[in-house]
Amino acid sequence: MSSLVEKTSRKEYHDRWDAIAREETAKVEDEEKADADASKEALGTDKGPNCEAEALDLAAREKLKEAKRAVERRQAEERAMELVVGADAGPRTTIDAAALGDRRVVVVRGCRDARVTLAADLAPKLIKVFVSDCRDCALSLECGLVTSFVEVSRCERSTLFVRAKLHTVQCDLCVDCTIAWASPALFDAAAPEGPRVFSAACRALVVDAGGGRTSTAENLDDALPDSGVRADEQQFVTACVGGQLLTERVVAGGTSTRLVGATARDLEAEGAA
């Protein structure tokens, strides 16, 4: 018997085997699809929800996924608004309006032996300032902030020099840090709402209001063990009371004039009124 090659041209020979290969491939794909369909049917994944409870569960999962996507979008938007001054910053860094660009928040993070200045022309654009994980640094705040709020955390041997009106500082988990106003008049300019320095788990936190008015907070030593709140979570507030700085523990609840950050003295004063 003559061979296939003897009976056909070379092109016809290859076309014939290409057709055979396609046919066999199609058979394998059909078999794989049939196996997959059988698996889906066995697992029930090819059908919609089997009952109302399952439908509600699926709907809840979709809502959770959408909520997660919304959070991720929000976080991305927030990061886009931040100007970060990090460990690679030089010994002296000045952030002005040109450097800030379209961003609205400054984050000073992980700096060592650095001097960072936030220039006066950042107002009224700059919303808030975060300072964290810095060592032996000085931050000079020369501009007002939309929120009038600076947050400092996990810093050591560092100083925040306040050279513009500022109402609130939150300082947590810091050691040997100082919050210093440039003058008594500047400190008093925020009265009566402020300035107020909130702190938690700080060691040797100095607040300097100028004019000899200073206060040193030792949060962990002053925490009350029977308060029901962990020592490293108890909040304190330093403010000017009767012309002098006083550091007091923040208690639960508030008053009609101070909803957040009230002290036992505030509660007693309102009760006596």
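**Exercise 1. Find how many salt bridges the structure holds.**

Start with the idea: side chains of opposite charge can pair when their charged atoms come close. Now go to the total: this predicted model holds 15 salt bridges.

**Exercise 2. Work out whether Asp188 and Arg213 form a salt bridge, and where each one sits in the chain.**

Step 1: look at the gap. The closest N and O atoms of Asp188 and Arg213 are 3.2 Å apart. The cut-off is 4 Å, so this pair counts as a salt bridge.

Step 2: Asp188 belongs to helix α5 (residues 184-188), while Arg213 is in strand β13 (residues 213-217). They are 25 residues apart, and the pair links distant parts of the chain.

**Exercise 3. Describe the salt bridge between Arg157 and Glu156, then find the network around it.**

Step 1: check the distance. Between Arg157 and Glu156, the closest N and O atoms lie 3.3 Å apart.

Step 2: check the surroundings. Arg157 comes out partly exposed because its relative accessibility is 43%. Glu156, at 27%, is partly exposed too.

Step 3: widen the view. Arg135 and Asp136 join Glu156 and Arg157 in a network of salt bridges.

**Exercise 4. Find the partner of Arg230 and say how exposed that partner is.**

Step 1: Arg230 pairs with Asp232, with 2.6 Å between the closest N and O atoms.

Step 2: Asp232 has a relative accessible area of 34%, so it's partly exposed.

Notes:
Residues are numbered from 1 along each chain as its sequence is written. This is a predicted model: local features need pLDDT of at least 70, side-chain atom pairs count only at pLDDT 80 or more; totals for chains, interfaces and linings use all residues. Side-chain values use heavy atoms; hydrogens and water are left out. A salt bridge is a side-chain nitrogen of Lys or Arg within 4 Å of a carboxyl oxygen of Asp or Glu. Buried means under 20% relative accessible area, exposed over 50%, partly exposed in between (1.4 Å probe, protein chains only). Helices (H or I, at least four residues) and strands (E, at least two) are DSSP runs, numbered from the N terminus.
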